[in-house]
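Good morning, and thank you for coming. Please keep the sequence and the model in view while I go through the strands, the helices and the cores in turn.

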Amino acid sequence: MSRNVPIHALDRVVSSDAGFSVWMEEIPLVVHAMDMSDAVIINSSRLKSVVWNDFDRVKKGDTCVAVCRHCKKKLSGSSTSGTSHLRNHLIRCQRRTNHGIAQYCSSRGKKKEGTLALVNVDQEQKKDEVLNIVNLKYEQEQLKDDTVKIGNNNLDQRRSRYDLACMIILHGYPLTMVEHVGFRVFVKNLQPLFELVTCSRIEADCMEIYAKEKQKVYEMLDKLPGKISLSADVWAASGDSKYLCLTAHYIDEDWQLKKKALNFIPIDPSQTEDMHSEVIMTCLMDWDIDRKLFSVTFDSGTSSDNMVCRIKDRLSQNRFLYLNGQLFDVRCGTNVVNLMVQDALEALCEVTRKIRESIQYIRSSQSTQAKFNEVALQVGVESQKCLCVDNPSQWNSTYSMLKDALEYKEAFSRLQEYEQDYKMCPSDLEWERLSVIIGCLKLFVEVTNVFTRSKYLTANIYFPEICDIHLQLIEWCKNPDEYVSSLAVKMRSKFDEYWDKCNLGLAVAAMLDPRFKMKLMEYYYPQLYGSSASELIDDVFECIKTLYNEHSIGSPLASLDQGLAWQVSGSSGSLTSSGKESRDRLMGFDKFLNETSQGQGSKSDLDKYLEEPLFPRNVDFNVLNWWKVHTPRYPILSMMARNILGIPMSKVESESAFNIGRRALDHDRSSLHPPLVQALICSQDWMRE
């Protein structure tokens with residue numbers, strides 16, 4: 001008499017193509033009726049597939065049948081039928097239990113993400129035994145035929161938990177999702193063997209990921225060929241809480257502009273600027289980049305002035321800064337534009353209110369809308385734009401509403417004659433003033449788009465845009481309408497504060513654009529300064545030469561020894577290393593050699609660069625690619641270009657460029673303790689690279 005012998009075999013994956021699938025469909029795989037009274041169970045070593053652990057292969061006469069051990073359903077057991085239909089049955093079998101059964105998760109769909117083959121779970125595994133860890137890597141570019149085959153591997157709990165934590169970090173999901181009923185049911189049905197985790201466990205996993213990723217970033221920053229510029233941005237949180245986000249900006253060895261979030265730390269508005277600057281210095285030293293810092297970019301404001309001044313003094317004491325720190329203090333260009341926009345919108349607050357109410361009135365009923373359209377045709381309005389109320393939190397939305405309404409000015413005025421209830425139409429003077437101020441806002445929209453949406457956001461793109469604003473402010477201040485001119489004066493006071501701090505850095509960055517060199521200054525400065533332009537251009541060029549010379553002698557400003565000396569003793573003279581003393585003594589010789597060699601006829605990188613013709617202007621010009629190609633020709637000047645062009649002249653992301661107010665943490669993140677918030681925000685930034 002035949003016995004049912006368990007078969008221990010490796011899983012076999014049956015590949016399929018179109019022809020094979022059609023052939024399989026023609027085979028009757030389900031046996032509906034058969035007398036099994038004299039059937040015998042086949043015990044054959046040829047049955048290698050793991051599915052036979054759940055089926056008996058029964059033979060009656062010349063017919064082979066596979067009988068499910070769980071529900072007793074009969075299917076084709078012929079060797080020509082394969083085992084795919086048996087695996088499919090096991091997936092749907094209602095009486096099958098999950099204990100000791102292989103997880104049949106093979107998928108034949110040709111998806112972009114690839115297809116996973118069978119994952120086998122050992123039946124003999126003990127209950128208390130920890131599952132083996134298998135590091136499953138998924139590399140899309142290494143896939144062949146869109147298939148990743150993972151055969152004979154156990155479920156990796158640790159890797160699965162890691163992937164779950166990464167998903168939460170990357171997409172900003174709430175940590176509590178792991179305890180949501182719907183999520184737990186989904187995971188249990190998807191993979192019953194996965195051990196569901198608690199919120200505290202996933203927090204720990206996120207912190208572990210943060211620590212590992214931070215070490216990678218630390219090592220990367222340490223190996224950078226150039227300097228690092230820092231930007232600081234304040235975020236709002238729930239209540240009165242605020243966070244300070246510090247971001248490093250740099251140009252890597254492949255001449256790519258990059259940035260990395262370094263810290264996301266809570267700040268107390270009641271604390272002094274001294275305390276805030278100390279917090280920033282602590283962060284810089286924690287990352288060991290205080291000696292590599294080139295500039296810092298803040299928003300405009302008195303508190304920023306005080307913080308930057310203190311940080312600058314600390315770094316200047318140790319000779320870490322180029323050009324005596326003249327390029328260190330940078331203000332965000334998008335921020336100063338936003339400040340001027342707020343002045344303009346404040347001046348227009350009354351006419352803006354009237355236009356909002358007018359649009360709401362027109363759209364209040366179909367008859368009123370039809371009457372307005374009729375009036376617009378009567379007065380010859382050619383615009384086909386649909387009037388919509390703005391989103392007050394996005395100032396470009398308010399600009400669009402006002403601009404569109406201005407095109408319907410005559411229609412609004414005529415509507416008053418037909419609609420007695422319509423009494424919120426702006427006056428002729430208000431329309432006239434709106435027309436002038438809309439011109440200002442139009443320029444600010446265009447400049448903001450350049451600052452945040454250009455393909456290459458390097459420091460060289462800002463100078464012409466800022467100069468155009470400067471020229472327009474000069475003209476607006478001359479407007480005969482005191483209402484407009486007083487607004488222009490108010491805006492110019494904010495702009496002048498920005499210009500005083502940033503004009504040198506903007507000009508140097510423009511000079512390092514081979515399409516412009518010194519010519520852009522020679523074009524704009526006479527328009528801005530008149531007869532004083534020549535002297536100011538000479539002053540800028542002297543700074544450029546000094547900056548070049550500091551780079552040409554290897555510059556002790558970034559010396560590792562000086563950084564170490566400052567951290568150990570706070571004084572550059574405290575270390576007595578003979579090697580350091582030698583380098584200090586020979587610095588003067590380096591400078592002498594550089595100056596005398598230039599005097600004997602050899603031209604510097606700077607001289608050669610400025611003497612050569614301008615590179616032709618084109619829309620898709622990549623200044624970093626140009627310097628990458630020309631580094632062998634200008635080895636010293638390229639070092640200077642790497643540091644200057646990496647300065648973040650604007651630190652605002654494109655999606656928040658037109659926001660009124662600060663960026664804000666969502667409610668879920670705001671409720672977490674600060675170290676975890678920092679881990680999630682920074683890790684998300686690093687993982688998106």
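Predicted model: local features only at pLDDT ≥ 70, side-chain atom pairs only at ≥ 80, totals over all residues.

Two strands are said to pair if DSSP finds at least two bridges between them.

Strand β10 (residues 293-298) and strand β11 (residues 329-331) run parallel and are joined by three bridges. In one of these pairings, Thr297 has Val330 of β11 as its bridge partner. Strand β10 also has strand β7 (residues 228-236) as a parallel partner, with four bridges joining the two. Is β10 buried or exposed? Six of its six residues are buried, so β10 is largely enclosed by the rest of the structure.

We turn next to antiparallel pairing. Strands β8 (residues 242-251) and β9 (residues 257-267) pair in the antiparallel sense over 10 bridges. Across this pair, His249 stands opposite Lys259 in β9. The hairpin of β8 and β9 has five residues between the strands, and Trp255 there takes a positive phi near 60 degrees.

There is also an open sheet of four strands, with antiparallel pairing and the order β1-β2-β3-β4. Which strands lie at its edges? They are β1 (40-41) and β4 (74-76), each of which pairs on one side only. Strand β1 pairs with β2 (residues 55-60) over two bridges, in the antiparallel sense, and Ile41 has Val58 in β2 as its bridge partner. Helix α2 (residues 84-92) packs on this sheet, where it touches β2, β3 (63-68) and β4. The direction of α2 makes about 150 degrees with that of β4.

Now to the helices. Two packed helices are described by the angle between their axes and the distance between the axes. For helix α13 (residues 428-453) and helix α14 (residues 462-476), the angle is about 170 degrees and the axes are 10 Å apart. Since angles over 145 degrees count as roughly antiparallel, that makes α13 roughly antiparallel to α14. Among the residues of α13 in this contact are Leu443, Phe444 and Val447, while the α14 side includes Ile466, Ile469 and Trp476. The residues of the contact divide into 10 nonpolar, two polar and two charged.

Val375 is found in helix α10 (residues 366-378). Why is Val375 called buried? Its relative accessible area is 1%, and buried means under 20%. Val375 and Ala411 are 36 residues apart along the chain, yet their C-alpha atoms are separated by 5.8 Å. Leaving aside its neighbours within four places in sequence, Val375 is in contact with Ala411, Arg414, Leu415 and Tyr418.

In soluble globular proteins, nonpolar side chains tend to be buried together. The largest nonpolar core in this model has 104 residues, of which Phe412, Phe444, Phe463, Trp627 and Ile644 touch the most other members. Helix α15 (residues 482-511) provides the largest share of this core, 14 residues. Beyond its neighbours within four places in sequence, Phe463 is in contact with residues including Trp499, Leu506, Leu520 and Tyr524. Another core, of 63 residues, lies apart from the largest one, and among its members are Ile168, Leu175, Met307 and Ile681.

Thank you for your attention.

Terms used: Residues numbered from 1 in each chain as written. Heavy atoms only, no water. Axes fitted to C-alpha atoms, helices over the stretch in contact; angles between N-to-C directions. Parallel < 35°, antiparallel > 145°, perpendicular 65-115°, else oblique. Contact = heavy atoms within 4.5 Å. Nonpolar A, V, L, I, M, F, W, Y, C, P; charged D, E, K, R; others polar. Buried < 20%, exposed > 50% of the residue type's maximum accessible area, 1.4 Å probe, protein only. Core = buried A, V, L, I, M, F, W, Y, C linked by side-chain atoms within 4.5 Å.
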